[in-house]
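I opened this notebook to record what I looked up in the structure. The entries follow the order in which I worked.

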Amino acid sequence: MNNVCIVGGLRSFIGVEKGMYKYLTAEEIGADVLSALLEKYNIEINDINGILVGNSVGGCGNPARLLTLEAGLPIGIPALTVDTQCGSGLEAMAIAAAKIEAGLGDLFVAGGAESCSTKPVRTRNENHPDYVQDGNNIYNVAKFVPGTPDELTMFRGAERVAEKWNMDKDELDAWALRSHKLAVEAREEGVLADIIIAPDMRNRGANVNADETIRPKISDRLLKRLQPLVPGGKFVTAGNACLTQDGAAFVILCSKKYAKEHKLNIEAELVDVMSVGVDPNCSPASTVPVVEKLLERNNLKVQDISAWEFNEAFAVIDVLATKELGIPKERYNIFGGAIAYGHPYGASGGIITLHLLKALNKLEKINGNSYGVCSIAAAGGIGTALLLRKV
């Protein structure tokens, strides 16, 4: 891609499921972020060619459209919901970028919004082949692998990856400690303050002034006491895996021509996007080949990238990033990751993109360039990665 720019973006504070946003819908949280974003960058609303929203556990019915209307945008602006589970936000940005490249529009807003707190209760239809006679047919986790449904499929996948790559639980817990430590430091320094807003609580919840799951007092001793999430497992616990969250994040994308004509300050160019599939039973592993292929296609090496942001759904991803890919720790998730902040599925692509832009501001250029990479390993074994160049 040589024509796609990122103007900037915003995210909400991130809340834990049934926490501070427990009475707010994804559409409401997202609408507040969208409205604040357009006001901050003084965007001409009628120029917007579309709103693309990642959402994984909503009630269907195109929540992107409802979110757009909730934000008070003109009814003539179309909206599209994207669901590739954890990778939905990055994929929404990829679709927006592709539309710009194809000449189908000059200005889009893309990202995602999620509310695990208000997601609908899902149950299998009696005609479905997975329906259980005289049993419980309510389920929380979608079916990602053919065969018998398994609520623990994501945790089992992380366990398999940890075992296959000979990981050590103490090492995984150390990554979790690092994540919280860096997130606490980032919060105390106010590094991310100008990209975060507090949604209007509409008199439905507590005051919001911080990401809810960052733990300043977490300790190695506590992490060692936590039991494995998979029966018979030995690696993945609630301490080295992310929690389920609520939140929203969006970025503004436009063509270079539009940016020049409207005198918009550009934060970065979106250089390329890559997606790959791997064994869905080992979904975290997708983060390796997708980054390798992204770099290969752009004639880049790991050492050419100034900053990296991976969606830290599991600490096993940190080990894959630093050991398998060889990413330097000092350039990787420098403000902490999703183990501290959380992972509001559809919104995570927008969140890590915004954190990446901040990291590129802090870290020095390499060979005269400031390249950054975002990566998400999604449920079902789909890896998505995005390459940015800081302007």
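This is a predicted model: local features need pLDDT of at least 70, side-chain atom pairs count only at pLDDT 80 or more; totals for chains, interfaces and linings use all residues.

Next I examined the two faces of β9. In a regular strand the side chains alternate between the two faces of the sheet. On one side I listed Gln245, Gly247, Ala249, Val251, Leu253 and Ser255, and on the other Asp246, Ala248, Phe250, Ile252 and Cys254; all are buried.

Which strands pair with β9? I looked up β1 (residues 4-12), which runs antiparallel to β9 and is joined to it by seven bridges. In this pairing isoleucine 6 stands opposite leucine 253. Strand β2 (residues 15-16) is also antiparallel to β9, with two bridges, and valine 16 stands opposite glutamine 245. For β5 (residues 107-115) I recorded nine bridges to β9, again in the antiparallel sense. There, alanine 110 stands opposite valine 251.

I then turned to helix α3 (residues 88-101). The helix has 14 residues and reaches 20 Å from its first C-alpha to its last, close to the 20 Å expected at 1.5 Å a residue. Its buried residues are Ser88, Gly89, Leu90, Ala92, Met93, Ala94, Ala96, Ala97 and Ile100. After α3 comes glycine 103, and I noted that its phi is positive, near 80°.

Technical notes: Residues are numbered from 1 along each chain as its sequence is written. Side-chain values use heavy atoms; hydrogens and water are left out. Buried means under 20% relative accessible area, exposed over 50%, partly exposed in between (1.4 Å probe, protein chains only). Helices (H or I, at least four residues) and strands (E, at least two) are DSSP runs, numbered from the N terminus. Two strands pair if DSSP finds at least two bridges between them. The expected span of a helix is 1.5 Å times one less than its number of residues.
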